[in-house]
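Hi,

Here is the structure I promised to pass on.

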Amino acid sequence: MSIREFLIDDHRHCDDFFAAAEQAVERGDAAAAAAAFGQFREALLRHFAAEEQTLFPAFEARTGMRMGPTQMMRMEHEQMRGLVEVAEEALGGGDLEEFLGQAESLLIMMQQHNMKEENVLYPMCDQQLAGEPAVLERLQSELA
């Protein structure tokens, strides 16, 4: 399994929780929405941490690129963390309309972000880190 394949699978895992939260909101089930969004938040933050603490530093050490794609991904992670926080506050306050608005913004940003990672950064990581299987093993351990 490649880094790209593994992390794409993890993107889909996060997406499933996000979709479950949206569906629960649409059914008017605030408790189920809060539970699913909590699972989404945990999975997403774990994904970001694995990239920021393992993948990005390994890629940067190998390529010497510290202000390139990994820096952009870190900035986008920070923006998404903010959107998650605002959406979670809306959900916790029972404002389902506000939650849906924030969730829509978050979804658009995640889709754009994931496309860049899946089609540009992850293939670059696979190419640059092919001789370092420990990176994939560490990612798998962190996201298990």
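First, the ground rules. This is a predicted model, with local features needing pLDDT of at least 70 and side-chain atom pairs counting only at pLDDT 80 or more, while totals for chains, interfaces and linings use all residues. Residues are numbered from 1 along each chain as its sequence is written, and side-chain values use heavy atoms, leaving out hydrogens and water.

Now the helices (DSSP runs of H or I, at least four residues, numbered from the N terminus). The axes of H2 (residues 30-63) and H5 (residues 133-142) come within 10 Å and cross at roughly 165°; the axes are lines fitted to C-alpha atoms over the stretch in contact, with angles from 0 to 180 degrees between N-to-C directions. H2 and H5 are therefore roughly antiparallel (over 145 degrees). On the H2 side, Arg46, Ala50, Gln53, Thr54, Leu55 and Ala58 are in contact with Val135, Arg138, Leu139 and Glu142 of H5 (heavy atoms within 4.5 Å).

As for salt bridges (a Lys or Arg side-chain nitrogen within 4 Å of an Asp or Glu carboxyl oxygen), the structure holds 10. One joins glutamate 132 to arginine 62, with the closest N and O atoms 2.2 Å apart. That pair links distant parts of the chain, 70 residues apart: glutamate 132 sits in the loop between H4 (96-128) and H5, and arginine 62 in H2. Within H5, arginine 138 bridges to glutamate 142 at 3.1 Å; being four residues apart, arginine 138 and glutamate 142 are separated by about one helical turn.

Cheers

How values were computed: Helices (H or I, at least four residues) and strands (E, at least two) are DSSP runs, numbered from the N terminus. Angles under 35 degrees count as roughly parallel, over 145 as roughly antiparallel, 65 to 115 as roughly perpendicular and the rest as oblique.
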